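Biologist: I'd like to learn how to read a model like this one. Could we start with the charged side chains?

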Amino acid sequence: MKDMIGAYSAWFQAINDMTGEVANFVMDRFKKDAETQAQVLQCRDLAELQVVQAAFVQDAANDYQAVTSRLINKSKDALETINGETKA
């Protein structure tokens, strides 16, 4: 029974950590999206708009890749912790 309580506790902590990670990611992306909209409104020609859009897409791709990597690592760590708890 103690093993299951430890595993549940580790699982719950992992879910909280990942939820926080996703919430922070979403807030950061909304902020960057709003900043990009402001930049788009300042564009005077198509070339400027293309530069802003290209930077936005690259930044978004980098952010998504980074958060995915962090979530995978958190999941891996959680599984290792849970496995350790159930083997104890």
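Modeller: A salt bridge here is a side-chain nitrogen of Lys or Arg within 4 Å of a carboxyl oxygen of Asp or Glu. By that rule the structure holds nine salt bridges. Keep in mind that this is a predicted model: local features need pLDDT of at least 70, side-chain atom pairs count only at pLDDT 80 or more, and totals for chains, interfaces and linings use all residues. Residues are numbered from 1 along each chain as its sequence is written, and side-chain values use heavy atoms, with hydrogens and water left out.

Biologist: Which side chains meet R29 in a salt bridge?

Modeller: D59 is one partner, at 3.2 Å from N to O. R29 lies in helix α1 and D59 in helix α2, so this pair ties together parts that are 30 residues apart in sequence. D63 is another partner, at 2.6 Å from N to O. That bridge also links distant parts of the chain, with R29 in helix α1 and D63 in helix α2, 34 residues apart. Zoom out and you get a network of salt bridges linking R29, K32, D33, D59 and D63.

Biologist: Is R29 buried or exposed?

Modeller: Buried means under 20% relative accessible area, exposed over 50%, and partly exposed in between (1.4 Å probe, protein chains only). R29 has 5% relative accessibility, so it counts as buried. D63 counts as buried too, at 16%, while D59 is partly exposed at 28%. Over the protein chain, buried residues make up 18% of the 88 residues.

Biologist: What about a bridge inside one helix, say E80 with K76?

Modeller: Their closest N and O atoms are 4.0 Å apart. E80 and K76 are four residues apart in helix α2, so about one helical turn separates them. E80 is partly exposed at 47% relative accessibility, and K76 is partly exposed at 43%.

Biologist: Now the rings. How many aromatic pairs does the structure hold?

Modeller: Rings of Phe, Tyr and Trp (its six-membered ring) pair if their centres lie within 6.5 Å; planes under 30 degrees apart count as stacked, over 60 as edge-to-face and the rest as tilted. The structure holds three such pairs. Y8 and F12 are stacked, with 6.2 Å centre to centre and 25° between the planes. Both lie in helix α1, four residues apart, about one turn of the helix. Y8, W11 and F12 form one aromatic cluster.

Biologist: Why does the pair of F25 and Y64 count as edge-to-face?

Modeller: Their ring centres are 4.8 Å apart and their planes sit at 75°, so the pair is edge-to-face. F25 lies in helix α1 and Y64 in helix α2, so the pair ties together parts that are 39 residues apart in sequence. F25 is buried at 11% relative accessibility, whereas Y64 is partly exposed at 47%.

Conventions. Helices (H or I, at least four residues) and strands (E, at least two) are DSSP runs, numbered from the N terminus.
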